[in-house]
Amino acid sequence: MSLVLVAVVAILLLCLACGALLGYAAVRFKVEGDPIAEQINALLPQTQCGQCGYPGCKPYAEAIANGDKINKCPPGGEATIQALADLLDVEPEPLDAEGGEKPQMVAYIREAECIGCTKCIQACPVDAIVGAARQMHTVIISECTGCDLCVEPCPVDCIDMIEVGRNPQSWTWALPTPPGTLIATDREQAA
Amino acid sequence: MTELALIMVSAILVNNFVLVQFLGLCPFMGVSKKVETAIGLALATTFVLTLTAMCAYLVQEYLLEPLGLEFLRTISFILVIAVVVQFTEMVVNKTSPLLYRVLGIFLPLITTNCIVLGVALINANRAEFTFLTATLHGFAAGLGFSLVLVLFAAMRERIAIADVPRSFQGPAIGLITAGLMSLAFMGFTGLIKL
């Protein structure tokens, strides 16, 4: 019996101490949040799914407060976008689940139709097209950046832009872009 | 000194918490799709493990053992772990917004992970552990977790775009890879005895 009593009292005291610690910390370490970010956060569905590309709803709310797009939340759908548009006084946009990323393209020359005019070679900014006058040309896939500048000059329209799927051969580590590395002009463009 | 080194090697390689003792498997499978997030989670886990190993040892040594309440270990450890993590989150949020952003949502999530309670309970079962060795054991468990999580995430990033047979795509190939890693870690068995 006394052991039970001791156990109850001990756990009770432990709980009290922990509760006091947390209560003290909540007052002592209170962070004044961004009021607009708080309001945006209240409108988000709080699914914490991360489909917007941020680790949870709160970080996305802060990103919106800092000027990110409001149409990246699939669980919230059109209703959330409309509510956010009303709150921030901006135009509602259609839902953008993919974040607007274009697939990587690569130029492809239909070699049978190529007349060897070298116009695409001159247009290519990265020297990814090989060939000579009156010889057929071809594209070095690993050099091609998919800019499609070579499509316009071709007099016989024998250049196609085709989508390249990513595969283990073309796989590379993502370039690190920590915040604060953009120079001032780029930052203005990105914002 | 030798003992400390042995504890480190044991917890990181020989008795790796994920691949040998099978603790903390859900973040191992769930948060290993990108190396970046895996590193965030690895940092948060190492941090939480070290801290909770310390606190759980103190509770065990100065509250439960003198009163003969060892049977209340589980519930009091859970309580202490939850409170410590919550408290740390508040302090980090106030003092270092940058660190708070890196650890992010992982810090509170890690609280509910079995590896945290597992380390605390394993420490409590080792009568010979002192405060220093218990803390070191928690830290080494975190390092071992970080090691396999980052390795696994790096592999999964490549596997995600590889030409995997249809029936093995997604979590299936992930589980198979984890199994192969676990087999590889069996190679460390017998390196030391602890």
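**Exercise 1. Find how many residues of chain A are in contact with chain B, and describe that side of chain A.**

Solution. Two residues are in contact if their C-beta atoms, placed from the backbone, lie within 7 Å. By this rule, 21 residues of chain A are in contact with 18 residues of chain B. Next, look for the main contributor: helix 1 (residues 2–28) of chain A gives the largest share of the side that touches chain B, 11 residues. Helices (H or I, at least four residues) and strands (E, at least two) are DSSP runs, numbered from the N terminus. Last, sort that side of chain A by class: 17 residues are nonpolar, three polar and one charged. Here Ala, Val, Leu, Ile, Met, Phe, Trp, Tyr, Cys and Pro count as nonpolar, Asp, Glu, Lys and Arg as charged, and the others, Gly among them, as polar.

The model is predicted: local features need pLDDT of at least 70, side-chain atom pairs count only at pLDDT 80 or more, and totals for chains, interfaces and linings use all residues. Residues are numbered from 1 along each chain as its sequence is written, with chains lettered from A and ligands numbered from 1 in the order in which they are written.

**Exercise 2. State which elements chain B has and what percentage of its residues count as buried.**

Solution. Chain B has nine helices and zero strands. A residue is buried if 20 or more other C-beta atoms lie within 10 Å of its own, exposed if 12 or fewer, and partly exposed in between. Of the 194 residues of chain B, 40% count as buried. In helix 1 of chain B the buried residues are Ile7(B), Ser10(B), Ala11(B), Ile12(B), Leu13(B) and Val14(B). They pack against helix 8 of chain B.

**Exercise 3. Locate the largest nonpolar core and the residues with the most contacts inside it.**

Solution. A nonpolar core is a set of buried Ala, Val, Leu, Ile, Met, Phe, Trp, Tyr and Cys residues joined through C-beta atoms within 7 Å. The largest has 55 residues, and Ala56(B) and Leu149(B) have the most contacts inside it. Helix 3 of chain B supplies the largest share of this core, 15 residues. Beyond its neighbours within four places in sequence, Ala56(B) is in contact with Phe77(B), Val80(B), Ala120(B), Asn123(B) and Ala124(B).

**Exercise 4. Determine where Asp127(A) lies and whether Asp127(A) is buried or exposed.**

Solution. Asp127(A) lies in the loop between helix 5 (119–123) and strand 2 (129–130) of chain A. Its phi is near 55°, a positive value in a residue other than glycine. Asp127(A) has 9 other C-beta atoms within 10 Å, so Asp127(A) is exposed.
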